[in-house]
Amino acid sequence: MGAGRPKAALVLDESEREQLEVWARRRKTAQALALRSRIILACSDGSENKAVAAQLAIAKQTVCKWRGRFLQLRLDGLLDAPRSGAPRTIDDARVDAVIAKTLETQPMSATHWSTRTMAKEAKLSQTAVSRIWRAFGLQPHRQETFKLSTHPLFIEKTRDIVGLYIDPPVKAMVLCVDEKSQIQALDRTQPILPLAPGVAERRTHDYERHGTTTLFAALDIATGKVIGQLHRRHRSSEFLKFLRTIEASVPTDLDIHLVMDNYGTHKTPTIRNWFARHPRFHVHFTPTSASWLNQVERWFATLTDKQIRRGTHRSTRQLEDAIRAYLKINNAEPKPFIWTKSVDAILASIERFCLRISNSGH
């Protein structure tokens with residue numbers, strides 16, 4: 001077979017390369033335009049369409065399309081074609097200015113822009129600003145949190161723990177262990193008004209505190225069953241009692257692999273000595289700031305959502321009874337969490353996140 005139709009050489013002049021690099025790097029650029037710019041920059045290095053597609057994780061047809069558009073129309077070929085309907089009243093420059101101002105500045109009187117303040121600043125209607133933000137996925141009113149682990153052995157520990165989840169050792173039980181501390185027994189100051197047709201359940205915004213408790217839990221990743229124990233205090237002595245409960249609950253012919261964090265009560269001399277005297281226990285510590293690696297945290301979230309958050313408890317004992325009842329129901333029909341993401345996929349996701357925030361200015 002022949003080598004196929006030869007491709008026209010894609011050569012950039014200095015101004016075109018500079019503009020493409022700006023579009024590809026700037027956070028204010030629409031992501032579709034940023035991708036098209038990266039395609040052309042990669043093609044200009046002499047790479048084949050197939051290689052560019054693999055490098056950018058896109059279809060080869062996408063590379064062919066934008067390469068052809070650029071060769072025909074140059075930079076204008078990368079912009080979206082006009083749509084049918086009424087002509088636009090806001091040109092690309094003004095849209096770009098709104099996006100840039102939203103991402104790179106803040107108003108004098110607030111920490112973030114609103115549609116009203118941006119409309120006044122950009123001399124546009126509030127509806128126009130709202131449409132621009134919606135089209136480019138901008139939500140200045142929202143904020144999320146993140147925390148990247150800086151543990152020097154993050155990769156090694158992650159490989160160790162994920163390896164336990166995906167390929168558990170034979171003749172062993174893997175338990176994810178942690179404590180949910182300071183669970184408050186809360187009662188509302190006035191009776192709750194129950195759910196009715198067309199009316200949501202209503203409760204007072206304030207509450208009365210009736211003490212706290214701590215739940216020590218060990219989630220069996222194979223079955224979804226949970227070994228749980230409640231204590232009023234949260235010290236290494238209570239954790240030692242919980243370890244003894246685990247020791248008594250797991251058949252003696254099985255090794256026990258514990259996944260847990262680096263909390264101080266887990267690493268006291270007393271606890272270390274106990275582990276030394278019980279060689280069937282193997283401890284796997286999660287990296288700092290990586291609690292998401294511990295599956296029992298997900299179970300705690302389910303417990304909070306289904307039992308604690310909207311529960312009303314007039315005493316600590318009543319709260320503890322409710323938690324014990326939930327444990328009993330959970331263990332009657334357990335459902336394990338299925339871990340599907342490989343270590344390489346996790347590290348690749350973290351790398352992409354770091355690349356996104358590397359030029360954020362923070």
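This is a predicted model: local features need pLDDT of at least 70, side-chain atom pairs count only at pLDDT 80 or more; totals for chains, interfaces and linings use all residues.

Student: What is the geometry of the pair formed by the rings of Trp 274 and Phe 281?

Tutor: The ring centres of Trp 274 and Phe 281 are 5.0 Å apart, within the 6.5 Å limit for a pair.

Student: Which residue lies over the face of Phe 285?

Tutor: A charge counts as sitting over a ring if, among other conditions, its NZ or CZ atom is within 6 Å of the ring centre. Over Phe 285 the distance from the ring centre is 4.9 Å. The residue is Lys 267.

Student: Which element gives the most to the largest nonpolar core?

Tutor: That core has 23 residues, and Cys 176, Leu 215, Ala 217, Val 259, Trp 299 and Ile 323 touch the most other members. The elements giving two or more residues include helix H8 (154-166), strand S1 (172-188), strand S2 (207-220) and helix H12 (316-332). The top contributor, with five residues, is H11.

Student: How many residues are in the other core, which lies apart from that one?

Tutor: Its members include Ala 218, Leu 243 and Ile 246. Trp 274, described above as buried, is also among them. The count for this other core is 20 residues.

Student: Which residues does Ile 323 touch, not counting those up to four places away in sequence?

Tutor: Ile 323 is one of the residues that touch the most other members of the largest nonpolar core. With the sequence neighbours left out, its contacts are Ile 183, Thr 213, Leu 215 and Leu 230.

Student: Is Thr 214 buried or exposed?

Tutor: Thr 214 is placed in strand S2. Leaving out residues up to four places away in sequence, Thr 214 touches several residues, including Glu 179, Gln 182, Leu 230 and His 234. Its relative accessibility is 1%, and the limit is under 20%, so Thr 214 counts as buried.

Student: What is the relative accessible area of Val 170?

Tutor: Val 170 lies in the loop between H8 and S1. Its C-alpha atom is separated by 40 Å from that of Thr 316, 146 residues away along the chain. Val 170 is exposed, because its value is over the 50% cut-off: the relative accessible area is 73%.

Student: Where is Gln 182 found, and what is its phi near?

Tutor: Gln 182 is found in strand S1. At 56% relative accessibility, Gln 182 counts as exposed. Most residues other than glycine have a negative phi. Gln 182 has a positive one, near 55°.

Student: What is the phi of Arg 74 near?

Tutor: Arg 74 is found in the loop between H4 and helix H5 (92-104). At 27% relative accessibility, Arg 74 counts as partly exposed. Its phi is a positive value in a residue other than glycine, near 60°.

Student: How far apart are the C-alpha centres of domain 1 and domain 2?

Tutor: The chain is divided into domain 1 (14-78), domain 2 (92-136) and domain 3 (153-191 + 206-352). For domain 1 and domain 2, the C-alpha centres are separated by 27 Å.

Student: What is the radius of gyration of the chain?

Tutor: The chain has 13 helices and five strands. For 362 residues the globule rule gives 21 Å, and the chain is well over that, so it is more spread out than a compact globule. Its C-alpha trace spans about 75 × 60 × 40 Å along the principal axes. The radius of gyration is 29 Å.

Notes:
Residues are numbered from 1 along each chain as its sequence is written. Side-chain values use heavy atoms; hydrogens and water are left out. Domain bounds come from an automatic or database domain assignment. Rings of Phe, Tyr and Trp (its six-membered ring) pair if their centres lie within 6.5 Å; planes under 30 degrees apart count as stacked, over 60 as edge-to-face and the rest as tilted. Buried means under 20% relative accessible area, exposed over 50%, partly exposed in between (1.4 Å probe, protein chains only). A charge sits over a ring if NZ of Lys or CZ of Arg is within 6 Å of the ring centre and within 35 degrees of the ring normal. A nonpolar core is a set of buried Ala, Val, Leu, Ile, Met, Phe, Trp, Tyr and Cys residues joined through side-chain atoms within 4.5 Å. Helices (H or I, at least four residues) and strands (E, at least two) are DSSP runs, numbered from the N terminus. Contact means heavy atoms within 4.5 Å. The radius of gyration is taken over C-alpha atoms; the globule rule is 2.2 Å times the number of residues to the power 0.38.
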